[in-house]
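Visitor: I would like to learn how to read a structure like this one. Can we take a few features in turn?

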Amino acid sequence: MTDAQLLLQITLAALFFIIAIATDLRSHRIPNALSLAAIFCGFAINGYYAQLNGLLLAAFGFALAFIILFPVFIFRLLGAGDIKLMMGIGALMGPELLAWSLLYGVAAGAVTSILLVLWRTGLSGVVNTLKRYWDCIYCRTYFKPEPNEAAGQKVPYAPALAIGWLVACSINYDLPSVYLQLSHYLG
């Protein structure tokens, strides 16, 4: 992998994440056009720079994102937009960086979700959710969460996925040379 290819991939992935975060925070949706653009760019860039090996790398990253995240979608833990975005990131960055991004993204998601829910509902929202859970267990029936509860909140997950990607990129061994090259051009 050349430094130019890696710099292009990182720049595009960062751009896709910035747009995804903005739309996810605003409308709780990630546009299909954005995900398709990420998928197309992933296959095009990897195919251009590494021919068949690059296309296979993009396909493995794309497929790995689907294999890992589709069961999560079935249980309604992530939205379809998050999954399609990560399929695009997998195609763009490859399976190894995708796997680390998802791992760190889950950890970041736990923290950001708790903070966002506490910010929106306060401690009383968490207490109300715990009371509802107790009522569900005691009455042996399911009660739907109220909008003022912690469990009734929709939490955008694109910021957590972006944080996971940033952490994975920061510990990638190939990136210091790209950072040095970029700082040489900028400074």
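Visitor: Is Arg140 buried or exposed?

Guide: Start with the cut-offs: buried means under 20% relative accessible area, exposed means over 50%, and partly exposed lies in between (1.4 Å probe, protein chains only). Arg140 is exposed, because its relative accessible area is 78%. One caution: this is a predicted model, where local features need pLDDT of at least 70 and side-chain atom pairs count only at pLDDT 80 or more, while totals for chains, interfaces and linings use all residues. Residues are numbered from 1 along each chain as its sequence is written, and side-chain values use heavy atoms, with hydrogens and water left out.

Visitor: What is the phi of Arg140?

Guide: Most residues other than glycine have a negative phi. Arg140 is not a glycine, yet its phi is positive, about 55°. This residue sits in the loop between H4 and H5. Gln51 also has a positive phi, about 50°, and is not a glycine. Gln51, however, is found in helix H2.

Visitor: How many helices and strands does the protein chain have?

Guide: Helices (H or I, at least four residues) and strands (E, at least two) are DSSP runs, numbered from the N terminus. Here there are six helices and zero strands. Along the sequence the pattern reads α-α-α-α-α-α. The C-alpha atoms fill a box of roughly 60 × 35 × 25 Å along the principal axes.

Visitor: Which residues have the most contacts inside the largest nonpolar core?

Guide: In soluble globular proteins, nonpolar side chains tend to be buried together. A nonpolar core is a set of buried Ala, Val, Leu, Ile, Met, Phe, Trp, Tyr and Cys residues joined through side-chain atoms within 4.5 Å. The largest one here has 34 residues, and those with the most contacts inside it are Phe16, Phe17, Met86, Ile89, Leu92, Met93 and Trp165. Helices H1 (3-27), H2, H3 (80-93), H4 (95-139) and H5 (158-170) each supply at least two of its residues.

Visitor: What does Met86 touch?

Guide: Contact means heavy atoms within 4.5 Å. Leaving out residues up to four places away in sequence, Met86 touches Phe17, Ala65, Leu69, Leu98, Ser101, Leu102 and Leu161. Look at Ser101 in helix H4. Ser101 counts as buried because its relative accessible area is 0%. Beyond four places in sequence, its contacts are Met86, Gly164, Trp165 and Ala168.

Visitor: Which residue has a side chain joined to that of Gln5 by a polar contact?

Guide: A polar contact is a pair of N or O atoms within 3.5 Å; within protein, one must be able to donate a hydrogen and the other to accept it, and residues adjacent in sequence count only if both atoms are side-chain atoms. The partner of Gln5 is Asn46, at 3.0 Å. Gln5 lies in helix H1. It is buried, with a relative accessible area of 4%.

Visitor: How many salt bridges does a search of the whole structure find?

Guide: A salt bridge is a side-chain nitrogen of Lys or Arg within 4 Å of a carboxyl oxygen of Asp or Glu. The search finds one. Glu149 pairs with Arg132, their closest N and O atoms being 2.7 Å apart. The pair links distant parts of the chain, 17 residues apart: Glu149 is in the loop between H4 and H5, and Arg132 is in helix H4. Both Glu149 and Arg132 are buried.
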